[in-house]
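Reader: I should like to learn how to read a protein model feature by feature. Would you please guide me through one?

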Amino acid sequence: MNHLIALMLLLSQQPLISLCFSSTKNDVSLHSPSARATPTQHNIISLGLGNVAVSTPRHHLTNKLLESRYTEGRIKTTTQLQMCQLMGLNCAAPTDFTFSFRGFARRGGDTDVHSHGWGLCFYDGKGIRAFHDSEPAAHSLLAEFLQTHPVKTFNMVSHIRYATRGEVLLENVHPFQREMWGISWCFAHNGDVSYFDRNIFAGNDADCPNTAPKVNQSNRSCVKIPWIGKSIGVEDNGERYYNPIGKTDSEAMFCALLNALRARFDTLPSLPVLHGAIASLCNEIVALDMQYDGTTIFNFLLGCGPRVQFAFSWPGSREGSKVWNGLHYLVREPPFGSAHLSDCDYSINFASVTKDDDRVAVIATSPLTDDEDWVEVKKGQLILFDDGLPHLAPDDCFEAELREHGLVSDAMPRNPQLEVDMRRYQLRKEFFQGADI
């Protein structure tokens, strides 16, 4: 805490320009021999808190482009062509995220316009450490604290916000969190899904009791979020166990996904079964959203415990915009070398601080480095990340189960029939021989 106070006092006397913070251990970086970068030289300031590397950003936005005006808490921007951005990390061994996050945070009001708040959740055992701020990530002391105090985790989800639905308030900042089945879940979303737009679904008379106030533009107190679940065999019984706190379509969608899964399962599903259910719900959401004007854009990261997270992408661009909103990922594993951030003139060689068992998957809306090969998630693809590896199909997810990284809870029993699930997916016998199944 004394370190944080000292850092805040120092930063209060320094200009908040593009800061790239170095640490002694960062998320590991894959390289190709032909694309190895040379570490960039920086001015190092000794703070007694670790080294701070100060660099000039590679791209600058004018004040006019970055400017946002607020009137009584409501945002008014000159364009609605942008969207939020996502970043996730999934690791085989506990790893810190400072390298990727220092570049990602620059997009929150420095090299890009996503300046309406940011959030980050990482798993610490079964618990979640959550950080949220309605200030721009590029100028947030809390974001700078995370960059100078590396912490290690297997699983992390982060988000920088460009507000299009919901005011610039803390309750509308992603990632959102809920407990289900005795497990901490977190969710961050990028896109446009009109089916969950509060201005559309609020005020459905059939859902409002007679005593509810009349719903109008200034009073939307009677709200029941839409139901999904027909694709996995659950009908709407009127119950909404999970409900949004803020006013974003993203949080409403998160709650709807959890409501459907909670109604469907009475024991913890295996990861392949969960993959299949979430994929069906995603397809259902896309189909329901097709009834509205505009382009459906639906990308999310979903953490469901300390070891695994899902990534789904239905990419696209808003009408009139050339900004592509999708998801990309890469896997970093031995041999380790150098990587260079796209949003900050910073590169470092990690070969001397990594081990043979290190492996990291990094997921982002757009690539965070300019010297690595990123893979774009295909349209409609749901990927489970575990142990720093992507699992592209339901039957691939049994690998995570065999690593004992499936859902675990003291509040709800596991499905005792994992072998039945494996036979249902017609897995090869040699795949799980020796796994005591």
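Author: The dialogue that follows takes up confidence, strands, helices, cores and salt bridges in turn. This is a predicted model, in which local features need pLDDT of at least 70 and side-chain atom pairs count only at pLDDT 80 or more, while totals for chains, interfaces and linings use all residues. Residues are numbered from 1 along each chain as its sequence is written, and side-chain values use heavy atoms, with hydrogens and water left out.

Reader: What does the protein average in pLDDT?

Author: The term pLDDT is the predictor's confidence in each residue, from 0 to 100. Here the average is 77, and 71% of the residues score at least 70. Over residues 1-19 the pLDDT stays under 50, and it stays under 50 over residues 21-26 as well. Where pLDDT is low, the predicted coordinates should not be read in detail.

Reader: In which order do the six strands of the open sheet stand?

Author: Helices (H or I, at least four residues) and strands (E, at least two) are DSSP runs, numbered from the N terminus. Two strands pair if DSSP finds at least two bridges between them. In this model the order of the open sheet is β10-β11-β12-β13-β19-β20, with antiparallel pairing. The edges are held by β10 (176-180) and β20 (389-391); each has a single partner strand, so one side of each is left without a neighbour in the sheet. From one strand to the next, the twist averages 25 degrees.

Reader: How many bridges join β12 and β13?

Author: Strand β12 (residues 297-304) and strand β13 (residues 308-314) are paired in the antiparallel sense over six bridges. For example, Leu302 has Phe310 in β13 as its bridge partner.

Reader: Which helices lie across these strands?

Author: To give a direction, one uses axes, which are lines fitted to C-alpha atoms, for helices over the stretch in contact (heavy atoms within 4.5 Å). Angles run from 0 to 180 degrees between N-to-C directions. Helix α6 (residues 249-264) lies across β10, β11 (183-192) and β12, at about 135 degrees to β11. Helix α7 (residues 271-289) lies across β11, β12, β13, β19 (381-386) and β20, at about 155 degrees to β12.

Reader: Is strand β17 mostly covered or uncovered?

Author: A residue is buried under 20% relative accessible area, exposed over 50%, and partly exposed in between (1.4 Å probe, protein chains only). Strand β17 (residues 360-364) is mostly covered, with five of its five residues buried. In a regular strand the side chains alternate between the two faces of the sheet. In β17, Val360, Val362 and Ala364 point one way, and Ala361 and Ile363 the other way.

Reader: Which strands pair with β17?

Author: Strand β6 (residues 85-96) pairs with β17 in the antiparallel sense over five bridges, and Gly88 stands opposite Ile363. Strand β14 (residues 328-332) also pairs with β17 in the antiparallel sense over five bridges, and there Val331 has Ala361 as its bridge partner.

Reader: Which residues touch the most other members of the largest nonpolar core?

Author: In soluble globular proteins, nonpolar side chains tend to be buried together. A nonpolar core is a set of buried Ala, Val, Leu, Ile, Met, Phe, Trp, Tyr and Cys residues joined through side-chain atoms within 4.5 Å. The largest one here has 50 residues, of which Trp185 and Phe298 touch the most other members. At least two residues of this core come from each of β10, β11, α6, α7, β12, β13 and β19. Apart from it lies another core of 23 residues, among them Ile160, Val362, Leu368 and Trp374. Beyond its neighbours within four places in sequence, Phe298 has contacts that include Met253, Ile285 and Phe312.

Reader: To what count do the salt bridges come?

Author: A salt bridge is a side-chain nitrogen of Lys or Arg within 4 Å of a carboxyl oxygen of Asp or Glu. By this rule the count comes to 12. One of them joins Asp124 and Arg129 (2.9 Å, N to O). Another joins Arg262 and Glu239, whose closest N and O atoms are 3.7 Å apart. This pair links distant parts of the chain, 23 residues apart: Arg262 is in helix α6, and Glu239 is in the loop between α5 (198-201) and α6.

Reader: Is Asp387 buried or exposed?

Author: Asp387 is buried, with a relative accessible area of 12%, whereas Arg403 is partly exposed at 27%. Salt bridges that share partners join Arg307, Arg359, Asp386, Asp387 and Arg403 into one network.
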